[in-house]
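Visitor: I'd like to learn how to read charged side chains in a model like this. Can you walk me through it?

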Amino acid sequence: MKDNMIPSSPAWSGWAVSLVTLLVFFVLNEFDWVLFRRFAADTEGYIRLAAVTSLRYLPQLIVPLILAVVLFGWTAAPKALGLNGSLLKAFAVALASTSIMLIAIAATSPFDLPDELIIGVARGVVLPGIFEEIFYRAFLFGFLFRFAGWGCLFRCGASLSERRS
């Protein structure tokens, strides 16, 4: 397999990939809040940041990675999730794309202690951006589009024209 190619669909059928992907999505989407409310709802500061990271965001990163490894194998899993590109380039694009949020936070927030600013930027800008891109775009939409055949919005036009010819 060439370096830039997406791995072929797993041995599972499209409906099985759809079912597993949606099940994992719905469970994790509720599971992270249940864990956070149960164990860390009353925390503050760096402890709250650590709780948000470990109880809400890490499961949304780890479980899709595990599922990708199960479906595609260890070496093809990053490619299946679209995580085989340059990490430096990805962070540069992310910083450029979210810089308006950083500017807005700096312009509208009162100047607090550096710790509170770091926690606010991490909880409001960095963590949600990284984990939502991986969980929603790479995992949910990526798996459903590329491997389960849910790409109708993008492929129906081509499919209809192919059928007519």
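Visitor: Let's begin in helix α5: about how many helical turns separate Glu 133 and Arg 137?

Guide: One thing before we start: this is a predicted model. Glu 133 and Arg 137 are four residues apart in helix α5, so about one helical turn separates them.

Visitor: What do their side chains do there?

Guide: The general idea is that side chains of opposite charge can pair when their charged atoms come close. Here, Glu 133 and Arg 137 form a salt bridge, with 3.0 Å from N to O.

Visitor: Is that pair buried or exposed?

Guide: Take them one by one. Glu 133 is partly exposed, at a relative accessible area of 43%, while Arg 137 is exposed, at 56%.

Visitor: How many salt bridges turn up in the whole structure?

Guide: Searching the whole structure gives one.

Visitor: Then what about Arg 48: which side chain of opposite charge is nearest?

Guide: That's Asp 42, but it sits 6.6 Å away.

Visitor: Which backbone oxygen lies 3.2 Å from a polar atom of the Arg 48 side chain?

Guide: The one belonging to Thr 43. Thr 43 is also among the residues Arg 48 touches beyond four places in sequence, along with Phe 36, Ala 40, Ala 41 and Arg 123.

Visitor: Where does helix α5 bend?

Guide: At Ala 122, by about 40°. Just past the end of α5, Gly 149 has a positive phi of about 80°.

Visitor: Which helix has the highest mean pLDDT, and which the lowest?

Guide: Helix α2 has the highest, at 87, and helix α6 the lowest, at 48. Across the protein the mean is 78, with 82% of residues at 70 or more. For residues 157–165, pLDDT stays under 50 and the model shows zero contacts beyond four places in sequence. Residues 1–5 also stay under 50, but there the model has nine such contacts.

Key
Residues numbered from 1 in each chain as written. Heavy atoms only, no water. Buried < 20%, exposed > 50% of the residue type's maximum accessible area, 1.4 Å probe, protein only. Lys, Arg positive; Asp, Glu negative; His and termini not counted. Salt bridge = Lys/Arg side-chain N within 4 Å of Asp/Glu carboxyl O. Polar contact = N/O pair within 3.5 Å; in protein donor to acceptor, adjacent residues only side chain to side chain. Contact = heavy atoms within 4.5 Å. Bend = angle between axes of the 7 residues up to and from the residue. Helix = DSSP H or I, 4+ residues; strand = E, 2+ residues; numbered from the N terminus. pLDDT = per-residue confidence, 0-100.
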